[in-house]
Structure formats: structure tokens, C-alpha cells
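This report is meant to be read beside the sequence and the coordinates. Please look through both before turning to the sections below.

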Amino acid sequence: MKKIMRAAALGGAVALALAACGSAPEETEPTAGAGSAGDSDFKACMVSDQGGWDDQSFNQSGYEGLKLAEKELGVEVNAVESTADSDYGPNIDSLIQDGCTYIIGVGFLLEPAIQAAAEANTDIEFGLIDSSFSDDEFNTIELDNAKPLLFNTAEAAFLAGYVAGATTETGIVGTFGGLPIPSVQIFMDGFVDGVAQWNEDSGENVQVLGWDKAKQEGQFSGDFETQSNGQNIAQGFLDQGADIIMPVAGPVGLGAAAAVEGKPGAKVIWVDSDGFESTEYGPIVLTSVMKEIGQAVYDSIQQASEGDFSNEPYVGTLENEGVGLAPFHDFEDAVPAEVKDRITELQEQIVSGELVVESPNAP
Amino acid sequence: MSQPAAPPPAQPPSEPQDAPVAAPAATEERPPGLLQDVLASSWLMTVCAIVLALVIGAVLIAAADPDVQSSAGYLFARPSDFFTAVWQTISSAYAALFQGAVFDWAAASPQRAIRPLTETLTISVPLILAGLGVGIGFRAGLFNIGAQGQITLGAILASWVGFTWHLPAGLHLAVAMVGAAIGGAVWASIAGVLKARTGAHEVIVTIMLNNIAVFLVLYLLTTSVFRSPTPQVGRTVAETAMLPGLLGDGFRLHLGFPLALLAALGVWWLMERSTVGFRFRAVGSNPHAARTAGMSVPWVTITVMAVAGALAGLAGGAQLLGTERNLTGAIAGSIGFDALTVALLGRSKPLGTVLAGILFGAFAAGGRLMQTRTGTPIDIVLVLQSLIVLFIAAPPLVRAVFRLRAPGERRRSTAEAAA
């Protein structure tokens, strides 16, 4: 046994040594102030919510937009992760100290912190994903130096609901959220309406578990972190006969996907990014309700870096491709052609304004 | 954190070197095990554990750095690059950690330069208070995992008093803090009563209560009483109920810090000087002996939980009234679990808990700047904290690394000689 260990250790050491045998790169003189970094003092920065940059969802999309801006626009960037609600204020403060001129908060949970910082630092521009600003009397207000980046995801979720209704074999589908907040509930509203549209078209009666749109009540896992809660809720849906589940809970959805994977034939609809590519559960991802946070972030950084910052809210829709339905990937053949045609038709109707997906949570 | 109720070590319960009060002995359902062993380890061990954690953290920081990774590829062609990159990465990360936690010599103004230390102390306030509560539980033989829920309840009551009542400044704050303490105490007492009456294990019950507390807040935040314009954020507490700042604008350090120190003093008096504290310790050391001596073990269990809960509730109150001002679902953050570590690190003594709380506050404050200035992942801070717990919980490992003698070694040899 000891001999084997020794041999393994030696082998490992040799492998490491060989790996270290590459040739050194040529010394390059650092060119001072290369590129556009020296042109201006512009610095785009970002604060995550508790999910962190690796949530395979919402924060990650925003971070990718920031990184893209760094690469494509050559702007200076910085990003900090929050681990608790109490981090938001101090993290924004440390970015201000770091010389950031445009600071984006990812997630409505940062609203109070971004609003306070925007009011206190009128010379710095701010962006906030998924929330507008409001005063104590529940009125929406505008801040001169802060831009909300919003998404009407109900439109895309509507299409996903339609697909779910059309492809379920058990006649039962489910959805749950992370927290009962507008930016989550709007997915669930659209999903429920999409299923209802399928029921109307086909005369079937597909049930949706987990969300009652009329009452605005449903099932929530309680946070955007604890994957086991997602797993439990999804298992509950599966036990009640659901075969397609749409978790709207960031990384908590991974727990749901783990439960779904255990039941043959069951599928998930991912949200925010294309789950076929961003998660390891590609083979069970029917489709994804995409929210192009990265693109919105990139565009807003581009505007701000060119001095064209405006506090006008950005609203992502099917029309401007700020939201959309991801390809079916492995399930391309499982979705009937007439359903695909109908989805294209519905999408056109939504874009043209002929069909309006109503949601009390719409921006 | 997993449960430290590990199999008992082979050696006899060791005598604490500098504090004979925490007499280790059998508790009812836990034989002298890890908890006793950990509480009895020396100050030197604690320092060694921190040093060891920092060393391993340094390796991880270096390994995660892209410059180090690329220069490792041609280590033999030009080793200087690799070692420079390693040194640069580690030194800049730890320098930023220090700058963010104690004194920032690179700051724009003198005010910003001294601000980090005040941030460290600010963050330490709830950690110290909750850590004191957890520590009392440890010494009475109760493993109270429920600080998280008790903090949450404290925060709920503090915020409710803070925005619904209208009282003069000072009185309002006092009432809100008392409310916080009561909230935490009641929540913890549920576990205490269940343990005393039915024997339900406090670990299970308090964990369950943590979950209930989280969902209770989420529910309350949807009710008209707590709701604010921002979803999942509670109403703003009146200025009169806020803990006043100690240093004026630009600093967050508030009255909570001296209060936490006072609480530590109070706990010291309670545990070391009062009859009640003596009963707590007696039951913690040996419930059978305590019962034989005429003490009511159920009474002690309930009281310990209530006191521990009150302290955790105060932590929630201090967090809400000191810095946060609005109730949120995650108001307790990870304070409740960090408090377990703080209590372990401080070996459940008030002074130790204060120092451990400040250390963890320093990690949190420093971690933010380390992340902003050097891009070191914030997760490193969690790794450091976790490594410290690991080493604290594995005294033989640390002893082996630093070649220290086991605390019971001398005693055992003399005992053997006597036999």
C-alpha cells in the first residue's frame, strides 16, 4: 500500500514538473496607459446580490455583460460579490472609494442601497437590475443619476408556458419562485397564462402547480441559495404528477433540476440564461426563458462610457430581444411542428401588440 | 457546520490550563467529547489555528490567481516569475485584508484611513452578542444552533417597535432593544421548554426554529404592517429608535459596540460570580451531580436558553437598529452560524468571545476591500473562517503541526505513575 502511495506521489510530482516545463514568454515592456483605459476616468463596476457571480443564472449574466464591456469597449471594470444583505451598502461604498463612475446593482434587493448611494453621490451614475426606485408612499420615482434595467419576462414565459402545456404527458406542470417579488412572479404570471392559452387552443385542461395568478399566491423556496429547498419543492410537484417544472429561483433551480433528473421523462424549463448551456442539466432542459441581462448591462455601460447616460428605464421585451425563448436543443424533435408554428405566431402577435401578456408585476 | 458530537477521544478529559472554571466532565447525553476538548484547549492553540488557516488561505489565494497559474507553466524556464507572482498575489491580498480591517494607508483621506477599524468593530457587534449567547449554552452543555432564528426574532421585534411606536429618543431605543431581547428569549425558550419537558434535542429543535423564523419574516414582510414600497424589505425604523453613531458622519460605528462590551461584562459576572451562573456551569459539567446537589436541571435548561436567546435577540436588534434599519428576510445573514464559530474560537469565555468577534469582524470588513482592490474572491474569507473552525476542532492536528504538547499529557503520566 505504501509503495503504491509513493509511486502515485512520484508520478504526480513528475507530472507537475513536466507541466512546469513550458517556455517563458518574451518580456514585454508594459505600454503605459494602453488602449482606451487612459482616455477617460470611466470605470464600470458591479455589485452582486447574495447569489454571487457563479449562480449560473442572473448574477452570472450580469457579470458576463460587464466582462464583455471590459473586453469590447476597453473600459476599466471592477466587481464585488455580496454574501449578505448587510454587504450591499458597504460594497457600494468600497466601489465608490475605488473610483467607479458607473455602478450597477444586480437585483432588486439592492434597491435601497443603490437609491441611498445615488442620492448621496450625485456625481456618480448608477444602474439597477430588476427594480425601479420608489419613495415611502409606494410611488415610483426617478433619480437623475440612476437607471433601472427592467425585463418584461412575462412575454417570454408565456411562450414557455405554451410549450409546457403542449408537451406535458401527465397534464400537470409546476413552477415555483425563490422569493415573492415582482421580478420572480412575472415569470410565473406569464407561464400560467401561456398554459391557459394552450388549454384554450387545444381544449385540454393542463394544470399548473405552484402559482395562482389571480390571487398572486404560490410556492417559494425562501431564498436564492438553498438548493435543497428547490429539490424538496420539485419533488413535491413530481409526486403530484407534474412532469415539467419551471423554477424561478436562480441557483435554487439547480436543486429542482436534480430532483427532476431522478424521474424519467420529467423536464425543467430554466430561466434567465439558456440552461442547456449554463447548467450541467442540459439533457433535461426543455427550453429556457431568457432574460438578456448581459446585453442590457453591456448596452448601458456603452452608453455611460460614451457620456450618453440616461436615467430612462430600459425595459427588455420580445420586441427588442431583451427577453426570449431559448432553442429546444435535445427536445427539438419532441416539440411538434404545429406547436412551433403557433409559438412563432404568438411571438409575432406579442411583438405587434395584438396580444398583450397581462401581469400585475410587469414593469 | 457539522455536529461536533464526535466519538470521545481516548484520553481522559483534560484540565483547562488557564481557566479551571470550565471543569470538563460528562454531560447527560454527550460523554466528554470534542466540545469539552475544544473549550479546554489553550490560547496558544487558538493562535496556531489562525496562523495555520492564514497559511493555507495564502496557498489558495496564490493558486486562484491567473498570473500565478500562467507563470507556473514555465516554472523551470524562469522561476523568478512564478515566485514573484506568488509573492505579489499573497502579499497584496493580505495587505488589502489588513487595510480593509484595521488601517488603510492608501486611502484618500485621513478619515477613510481610520474608518476600516471602525467598520471591523461595527460588524463585530452582532457577532459578539450572539457569540456570548451561544457560549453560555456551550458552558451549560447545550448546543444552541438556533442563534440565527433568535437573531431574526430579535430583529423583527426591534423593527416593529422601531417603526410603529412613537416615543422620545433614548426611551424608544431602549424599548426596541428590550423588545429584541424578549423576541430572542421567547424563541429560544421554545427549544428550552421542549428540551426540559420532553427531552427533545435542542440541536434539532433550534435548527427547525431557524427555518420557521426565516419563513415567519418572509410572511410578515408581505403583511400590511411590515410592508414597504420595496418588496421583501420592511418599513424604515424611526430615527429615535436607531443606535446613535459614535463618530459622526462617514462612520457606521454605533452605540451597539459599547453595549456589546457591557453585555460581555454582564455575562462574565453572571457566569463567574452569580449563583445562577454557578448552576449553569454545574449542570453543564455534570447534570447528575447537579441534580443530586438539589438543582433543577429543567429550570436551568430553560433559563440558559432564555438568556442565550436574549443575547442573540440583542444581536438582531443591534444589527437592525445599528446599521440595517429595514427588516429583510436575510437580516440575520450568517451571523447566527458565525456566532457558533466565534463562541468556539473564544472558548465560550466573554473576553475570548469579544476578541473572536472582532477577528471575524476584521475578516468580513477586510474581505470587502480585498475583493475590491485585488479581485481576490470573497469566498477566501469563508475558507479562512472554516479552516479556523476545523483546526480548533482538531487540536491533535494543530499540536502535531506546531509540535505542541497535549494539555493532558503531563497529568496523565503522573496519574499513571501514581497507579
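## Basis of the model

This is a predicted model, in which local features need pLDDT of at least 70 and side-chain atom pairs count only at pLDDT 80 or more, while totals for chains, interfaces and linings use all residues. Residues are numbered from 1 along each chain as its sequence is written, and chains are lettered from A and ligands numbered from 1 in the order in which they are written.

A residue is called buried if 20 or more other C-beta atoms lie within 10 Å of its own, exposed if 12 or fewer and partly exposed in between, with C-beta atoms placed from the backbone.

Leaving aside residues up to four places away in sequence, B:Leu314 touches B:Leu129, B:Gly154, B:Met177, B:Ala180, B:Ala181, B:Gly184 and B:Ala263, where contact requires C-beta atoms, placed from the backbone, within 7 Å.

## Helix α8 of chain B

The buried residues of α8(B) are B:Glu202, B:Val205, B:Thr206, B:Leu209, B:Asn210, B:Ala213, B:Val214 and B:Val217, and they pack against α6 (147-164), α7 (171-198) and β2 of chain B.

## Positive phi angles

Most residues other than glycine have a negative phi. A:Asp272, however, has a positive phi of about 75 degrees; this residue belongs to strand β13 (residues 267-272) of chain A and is buried, with 28 other C-beta atoms within 10 Å. B:Arg325 has a positive phi of about 70 degrees and lies in the loop between α12 and β2 (326-328) of chain B, where B:Arg325 counts as buried with 22 C-beta neighbours inside 10 Å.

## Contact between the chains

In chain B, 34 residues are in contact with 32 residues of chain A. On the side of chain B that touches chain A, α8, α12, β2 and α14 (350-374) of chain B each supply at least two residues, and α14(B) gives the most, with four residues.

Notes
Two residues are in contact if their C-beta atoms, placed from the backbone, lie within 7 Å.
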